[in-house]
There are 4 protein chains.
Amino acid sequence: MIDKFNVRTDLALEEKERFESDDVEISGVVLEEHYDEQKEIRITMVKIETEKGARTMGKPVGNYLTLEAPGMADDNEEIHRDISDELEKLLRRILKDHKGKQESVLVVGLGNRMVTPDALGPYVADHLNITRHVIREYGRYALHDQRMRLVSAIVPGVMGQTGMETVEIVKGIVKETEPDLVIAIDALAARNTKRLNRTIQVADTGIQPGSGVGNHRSAICQETLGIPVIAIGVPTVVDAATIVNDSMENLIQALETSEALRGVGLVLQGYNATEKYELVKELISPHLNGMFVTPKDIDDTVRRISRIVCDAINQLCVCVE
Amino acid sequence: MIDKFNVRTDLALEEKERFESDDVEISGVVLEEHYDEQKEIRITMVKIETEKGARTMGKPVGNYLTLEAPGMADDNEEIHRDISDELEKLLRRILKDHKGKQESVLVVGLGNRMVTPDALGPYVADHLNITRHVIREYGRYALHDQRMRLVSAIVPGVMGQTGMETVEIVKGIVKETEPDLVIAIDALAARNTKRLNRTIQVADTGIQPGSGVGNHRSAICQETLGIPVIAIGVPTVVDAATIVNDSMENLIQALETSEALRGVGLVLQGYNATEKYELVKELISPHLNGMFVTPKDIDDTVRRISRIVCDAINQLCVCVE
Amino acid sequence: MIDKFNVRTDLALEEKERFESDDVEISGVVLEEHYDEQKEIRITMVKIETEKGARTMGKPVGNYLTLEAPGMADDNEEIHRDISDELEKLLRRILKDHKGKQESVLVVGLGNRMVTPDALGPYVADHLNITRHVIREYGRYALHDQRMRLVSAIVPGVMGQTGMETVEIVKGIVKETEPDLVIAIDALAARNTKRLNRTIQVADTGIQPGSGVGNHRSAICQETLGIPVIAIGVPTVVDAATIVNDSMENLIQALETSEALRGVGLVLQGYNATEKYELVKELISPHLNGMFVTPKDIDDTVRRISRIVCDAINQLCVCVE
Amino acid sequence: MIDKFNVRTDLALEEKERFESDDVEISGVVLEEHYDEQKEIRITMVKIETEKGARTMGKPVGNYLTLEAPGMADDNEEIHRDISDELEKLLRRILKDHKGKQESVLVVGLGNRMVTPDALGPYVADHLNITRHVIREYGRYALHDQRMRLVSAIVPGVMGQTGMETVEIVKGIVKETEPDLVIAIDALAARNTKRLNRTIQVADTGIQPGSGVGNHRSAICQETLGIPVIAIGVPTVVDAATIVNDSMENLIQALETSEALRGVGLVLQGYNATEKYELVKELISPHLNGMFVTPKDIDDTVRRISRIVCDAINQLCVCVE
C-alpha cells in the first residue's frame, strides 16, 4: 500500500526483503546466502531470472551480489583487506558468467566529486592503477606482469556540470577506445539507514547514473554500450522522503497493533489502503523532494570505502584469469 | 509535548515560532520584523533581554538578526549583491551596540571542508580579503585606504581532525594575536527544510561549533574569548530525527482532526501527552542518530552563499566607521 | 644556434619574437598589433598563412590572437572585467571567420586539477553556465533568452589518470553529442617568465593537450574532431630547461660583448655554433627533464585567471550572433 | 664566490656538501653516514655542535638526520613500508636525546594545501590517527592501548591566507592545549633537483615556515614555543634562481677547464671572484624571484610521500617508549 510511494532503493536485496516481509514468494527470483562468521561478512545473491521477476522487483534480469560487513566504515586495515579480497572474488565470480575477452577494462567513476556522499566513484578512480597507456606504448613487459589487464578510467561528472547524459559521454569513449568491459562505480540510495556504508552491491545489469542522489538517467548497461557492464554500488544516502514514509508506516502499524492504543487500531483497520496512502502522502512535505539523509562522518567513510573498492579492482586487474 | 524531543534548531527565529504556534507569549523576548517587498528580503530581530527569556528560548541573552531571502541559493548576481549589502548593514548594526575598538577582526571559518554542507565557514575564509600582515608590515598606506580594518582568518577544522576543542584553538590564537573582535561563520541546523539555504542569522552571542552538524562543544563567545564574538550562521542541514519527528507529529495531529478518520482522533485524544511521546519516541530509529538531511545541489548552494557572506565581510572591513 | 634546443613555447607570439630578434623576416606570417593605453591591454595577431610559414614557426596555419595585460593576476575586479570583455571580443572575432552553425558549444577543460598551474582548464569548466541539458529538456524559453547557445563541458583528465589520449575521449564525446564547436582551455608553457599569468592566447588551430606541462599528444583540432576547435591558452609555467638555457645563452652573449671580459668574448667568437651548443647541452642537468618553473602564488593566480576566461565564455554563449 | 648568492637549501646535508666541495673542514660539525644496501636507504647525520659550526652552516645547533631513498616517489608499497619504518626509527632516535614527557604530541601541517608541492604538511595531517580528544573523554582504554600518545593536529595555513605569522597561531595553540612536543611537517627547498622527492630531513631544531616556497618567518622552535620541536621536511621544490645560478656556475667552470675552450678559461681565470659574481648576478632575471622549479608529476609524488610520513608518525604514536 504505502509501497505505492516511490520508496526508493538501489539495492536488489532490499527490494527482495520488501516482498518477504509480506510473505510473498516471487516467481523468477532466486536467493542465495552465505555468512562468514569469522570475518563477519555476509554475501547474498539475488538472481532475477525472468522478465516476470524483473517486473515484480522493478530491476532488470541479471545477478545482484551483495556484500554486507559491519566494519566497512571503520578505521581498521585488516577488516578492509578482508572485504577487498571478498569483493575481488565476487567480481571474478560475476565475470565468469560472461564470455568473451575481458582484457581491457574501462572504469567509470560516476557521481559528483563536490558532494561528499556522491564522491565515491570519483575517489575510486583517483587511486586506480591505470595501465592502458603504458601497455599500449611499451607492451606488457613494461609492467613486469604479462597477464595484466589494460585499465583506463574516466570521471564523467554529473549532468549539471556537463550538460550531457552520462551515458552519452561513456558511449562515445567506449566506441573510441574499445574496451572489452566497463566497471561502473556509483554511490547508491538505500531504503534503510542501517545499510548505509556497510553494503556493496555488484551487479551485471549496469547502472542508473545519478540514482545515488536521485534522478534516473538513461542506463549505462550492455544494451546502451554494447559491452558487458559490471556495476559496483555502495549505499551512502537514503532519500529523505523514504525515511519519513517508513516512520509513518511504522506509526500506523503501531497504532493498529498497540495494546495501549488498541482503539485507534480498530478504527484504522476500518479504512482501506488508499485512504491510508492519501493520509500519509499529504503529510510528506514537498520540501523533502531532492533532499537526502547521510551520516555526519560521511567524509571519512566515503574515503575508506573508496579504498576498499579501489584495492579490489586493482587486484582484479593484475591478472586476467 | 513532542517538543520534549531534542528538536534541534540553531535559529532563534525558529525557536520563537515554536512558542508562537502554541500561542504562548514569552516574557523577556522582543520580536521585530521588516520586509523589503521589492528585494524580497525579510529581516527579523529576536532580542532576548532577560535570563528568563534565555531559559525559555534555550539560547543566551543577546541579539539575533535573521535575514531571509528566497533567491539566496539561486544563480543570480544581482540578488546576491542585494543580500550582501543587507548583510553588511546587519553586521554594522549589531557592531554599533558594542563599544570599544573594532579595528582588528579575526574571522573564524568553522566546520569541515570535506563535508559539503558543513564547508560554508572554510569557503568564506578562502575568499576573504586578508590584510593584517600587509598593514602590520607596510602600514595602512599600502592598501590605499587608511580606514581599513586589519583582517586575519583561521580555519581551525573539526575535533575529529584536530583532537582539540575548536574553542581551545581560537582562544590560543586570540590571546596571541589580540584582535578586537571575532566574526565566526558556521553552517547551522534548521528545524524546517524550507529555511535551508535561504536564511542567514547574525548574532552577538557567539556560536557552538559543530552544531551545524550536531555535537555541542564549548562555546566560542565573549565569555570564553574575552572579546566580542559576532556569529554568522546559515542553516544548510536539518537533523534527520527532526524531520521524522515533525512528520509523525503531523500525522497524529491529522488523525486527531481528520474528518475521514475522526474515530481515530477521538481515541488518540483520550491518551495523554506522555503516552503519545512514548509512542513516537520508540518509532524513531536509533540509526537516525548522527544523520542529517540536506539538498542534492548543496555543492553549488554552499559555494554561492559563501560568496555572499564573504562579500559582506569584505565590504564591512574596508571601512571602520 | 642554441635554438636547436627544444626551447619550448606554446605562444605563437614568442615564436615570432624569436625570429625577429634574429632580424629574419618570415614569409607567410603576418603580424598585427593594437595597444589600448587606458586599459593597458595589448592585442597581437599572428596569422600563419602558408605551409612555409607554418614550418618556420613550428605551428599550424591559422590565427593566433594574443591578449597581454599586466593586471591579469591582480586582485582587481574592474581590470578583470575589462580583460573578460576584450577576450569575449577576440572569441567573437575568431568565430566570425568560421562558417557554419555555432549554436552548440562543447567546452573542454584540459589539464590536471591536482597540479595547481595545470588546473586552469578544470577550474574554468567548474564555473561555466551549462545549458545544453536544460535547453534540450525544456527548450530555450526555460532560460529567458532564445538566442542562448547550448553549452556542455567535460574535464577529461590527463593520460596518467585515464590511460587514454585526451583526443580519444573528446572525439568520442563529440561524435556522440554532436556539438557545432569545441572551445578547449589549457595551461601553456611560455618561454619567458615575464609572460606568465599575464597573457591569453586564442587560436583557431586547436591544441596539444599536456603541452602546458610538457608532453605532446595527438592534437585536439578540426582535423581530428571534424568540427572547429577554438583554443584558449594561458601560460602558467616555463620549462626548467628553457630558463637555464636562456640564462646560459645570455652569459655567452655577455662574455662575447662585455668590455670587462673582452678577452673571453674574442676566444668564444672563434668557436662555431655547434661547439657552443654542445657546451651548453652537456651542462643542462638531465634532472631538469620533466621539471617546470612557476610562481609561488600560482594558486590565487590560476583561480583569478580562470574566472576571467569563464566570464568571457559565459558572455559569449549568452547570445549567438 | 658565487656562494655569495642566496643559494637556498633547507637541507643541512646540502649545506655540508657545499663546503666539502671546497675541501674545507668545518669545525663544530660532525658527519655520520650509514647505507643500507638492500633497502637502498642512506641515513646521514649532520650534528652541528657549536655556535661557530652553526654560523658556518647557516643553520642552528642541533641534529639533522637525512634519509635518502631513490624509491620514495615510486608507486611501490613495500618500499614505502621500509622507508616509513626507517623514518619511525629516526624519530625515536632524535626523541631519545630529549628528556621530559613526550606523551602528548601536536602535529603541525605547514604549507599551502592549494599549491601542490607545498601541500605535504596538510596532506600528512589529513591522514593522521588523531587521539587526543578520545583519550581525554574516554581514557586510554577506549583505544585498546594504554601506551598510546595523545595526538592532536593543526593545519594553520600560510600567511597570505591567515594574515598571521604561523608561529603566532602555533604558539597560541601550544599555550592553550599544552602538548609535550611539536612535530612540524613542511615542504622544503633543495639546492639540487636530484634530491627532490627522495629525501626526508628530521631535525630537532625546529623549522622556518614558508621556507619550502621561499620566505623566512619567525621560527617554530623550542625557543619560541617553549617545548621541543621535531621538524620533518621533504624537499619538493628548488628555487628557480638556484638552478640558473648553478648552471651558470657550471658553465664558467667548464670554460675555465674545457680543452676545447681553453683560451676562454685562461682569460676568465684572470678575473677575480667579485667580477665573476657581478657578471652572473646581472644575468639572473629579476622575474625569477618568487619562482620555483618542481616536477610535473608532483601531485602523485606529494600524495605518496605524505603517506610515508603519516604512517611513520602514526606508528611512533602508537607506543610511548
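I take helices (H or I, at least four residues) and strands (E, at least two) as DSSP runs, numbered from the N terminus. The model is predicted, and local features need pLDDT of at least 70, side-chain atom pairs count only at pLDDT 80 or more, and totals for chains, interfaces and linings use all residues. Residues are numbered from 1 along each chain as its sequence is written, chains are lettered from A and ligands numbered from 1 in the order in which they are written, and side-chain values use heavy atoms, with hydrogens and water left out.

**Entry 1, D:Lys59.** I located D:Lys59 in the loop between helix 2 (51-57) and strand 3 (62-68) of chain D. D:Lys59 counts as buried, at 13% relative accessibility; buried means under 20% relative accessible area, exposed over 50%, and partly exposed in between (1.4 Å probe, protein chains only). I then listed its contacts (heavy atoms within 4.5 Å). Neighbours within four places in sequence aside, D:Lys59 is in contact with residues including D:Asp10, D:Glu15 and D:Tyr64.

I found A:Leu65 in strand 3 (residues 62-68) of chain A. A:Leu65 is buried, with a relative accessible area of 1%. Not counting residues up to four places away in sequence, A:Leu65 touches A:Thr44, A:Met45, A:Leu90, A:Arg93, A:Ile94, A:Ile200, A:Gln201 and A:Val202. I also looked up A:Ile232, which is 167 residues from A:Leu65 in sequence and 9.6 Å away in space, C-alpha to C-alpha.

I placed A:Glu77 in helix 3 (residues 77-96) of chain A. A:Glu77 is exposed, with a relative accessible area of 62%.
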